[in-house]
Amino acid sequence: MPLERTTAPRTKVGLVAGGLGAYWPQFPDLLPQLKRSSARVSERMGELGCEVVDVGFISDAQEGAVAAERLREAGCDLIVGFLTTYMTATMLLPIAQRSGAPVLLINLQPTESMDHDTFDTGQWLAYCGACPLPEMANTFMRAGIPFRSVSGYLEDPRAWERIERWVKAAGVRAALRKGRHGLMGHLYPGMLDVSTDLTLVPVNFGGHVEVLEFDDLRVRVEKVGEAEVKERIGLAREVFELADTVVPEDFEWAARVSLGLDRLVEDFDLDSLAYYHRGLDGEIHERLGAGMILGASLLTARGVPAAGEYELRTSLAMLIMDRLGAGGSFTELQALDFLRGHVEMGHDGPAHLAISARRPLLRGLGVFHGKRGWGVSVEFDVAHGPVTAFGLIQRRDGRFAFVASEGVTVDGPHLKIGNTTSRVDFGRDPGEWTDAWSASGISHHWALGTGHRIGELKALADLLDVELVEI
């Protein structure tokens with residue numbers, strides 16, 4: 001697909017390894033072995049796509065304090081402490097206290113098991129990283145610091161899968177903390193569940209909400225040139241299959257609005273966008289609102305999720321899913337198929353084109369149901385296979401929470417009405433699933449992404465200190 005993704009900063013991971021300095025003169029071969037293990041961990045971290053800030057090996061509290069300052073100055077998204085053998089809590093506590101970043105402790109012994117018949121004390125100590133782990137947990141908890149750890153061996157694929165979850169979660173946390181989220185237009189009248197207290201976004205996640213007017217888009221659309229429109233139409237023809245209901249004038253207008261949206265995102269440095277405007281009798285704001293779907297879908301595929309109906313929490317959910325590599329398309333319930341056991345979900349609006357089961361379709365519509373205006377809309381099905389429905393809840397006490405459910409998208413009949421639609425099998429009666437999903441407190445919109453992502457979402461919920469409700 002000829003769409004270039006917006007480049008996101010790499011996750012910055014601080015790495016410190018350590019062991020008890022009293023061992024080094026007693027067992028001269030031990031420290032060189034542990035440093036080799038540390039170098040391998042640093043290498044593997046780099047293979048996860050991180051920017052690794054490796055502050056080396058510490059052997060006592062003084063060296064731990066120096067490492068703490070270096071990691072604090074680096075501004076890391078995650079600190080990884082590698083327990084290579086026994087070490088005291090006083091060596092790592094300052095790092096956890098001063099770094100300003102969440103800490104993950106890892107205990108990766110050299111191999112799956114010791115050779116008990118031949119190992120001496122020095123060789124055993126290289127396998128002793130588990131020994132200080134309860135000490136670290138006790139100290140962290142008494143200091144009010146969240147404790148998290150991964151234990152395994154150096155080349156353990158299961159351990160590295162868990163470590164990668166934490167690294168990805170830290171990257172998403174950083175995207176939220178540094179994110180700029182556009183909110184343009186006004187609330188769809190009467191949608192009480194969609195309403196979000198804007199203050200709660202930076203309070204719960206960090207970041208900034210940029211309140212925009214549709215006139216901010218209008219002035220940018222007015223400056224779009226004809227050559228640019230022609231080029232954007234060419235891009236859309238490459239990306240989409242066009243139904244014969246697409247009216248050329250509506251297609252050209254959608255392309256023009258798409259270019260204005262690109263400029264809006266660039267000028268306000270946005271990482272996500274939620275929008276809605278009702279409009280009246282074909283005036284410019286109504287036409288802008290009706291012309292959003294093409295451009296919003298192209299933006300979403302590039303990693304700048306855009307959600308309709310002023311759904312700020314869902315645009316944030318889409319951003320989270322996108323940064324986890326899951327895509328994340330704007331979704332709501334459409335129907336229940338009790339004959340096949342499927343929940344049908346999707347939306348009349350922007351889609352994450354990168355996770356489409358096939359080449360997405362542009363369909364021309366003379367009416368957008370429940371909205372004013374007319375134009376082109378996107379029709380597609382999320383790629384078949386494992387998926388996760390994921391959304392954000394705003395609790396009565398002002399805290400955000402996650403809700404997620406894993407299922408499988410499957411084949412079956414679809415309506416041809418210019419909507420995104422996916423059939424999801426959640427492995428239970430669709431009516432029972434729908435009741436449980438609704439009872440979580442989710443709004444009527446969420447993100448649908450590829451893959452089973454609850455493991456990654458649990459890690460992110462831990463880093464953000466939010467509840468995860470699993471359906």
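**Exercise 1. State the secondary-structure content of the protein.**

Solution. The protein has 15 helices and 19 strands; helices (H or I, at least four residues) and strands (E, at least two) are DSSP runs, numbered from the N terminus. The model is predicted: local features need pLDDT of at least 70, side-chain atom pairs count only at pLDDT 80 or more, and totals for chains, interfaces and linings use all residues. Residues are numbered from 1 along each chain as its sequence is written, and side-chain values use heavy atoms, with hydrogens and water left out.

**Exercise 2. Compare the radius of gyration of the protein with that of a compact globule.**

Solution. Step one: the radius is taken over C-alpha atoms, and the globule rule is 2.2 Å times the number of residues to the power 0.38. Step two: for 471 residues a compact globule would have a value near 23 Å. Step three: the protein has 25 Å, which agrees.

**Exercise 3. Describe the surroundings of Ser 356.**

Solution. Step one, location: Ser 356 lies in the loop between strand E12 (342–347) and strand E13 (361–365). Step three, contacts (heavy atoms within 4.5 Å): leaving aside neighbours within four places in sequence, Ser 356 touches Phe 380, Asp 381 and Ala 383. Step four, side chain: that of Ser 356 reaches the backbone oxygen of Arg 358 at 2.4 Å.

**Exercise 4. Give the share of buried residues in the protein.**

Solution. Of the 471 residues, 58% count as buried.

How values were computed. Buried means under 20% relative accessible area, exposed over 50%, partly exposed in between (1.4 Å probe, protein chains only). A polar contact is a pair of N or O atoms within 3.5 Å; within protein, one must be able to donate a hydrogen and the other to accept it, and residues adjacent in sequence count only if both atoms are side-chain atoms.
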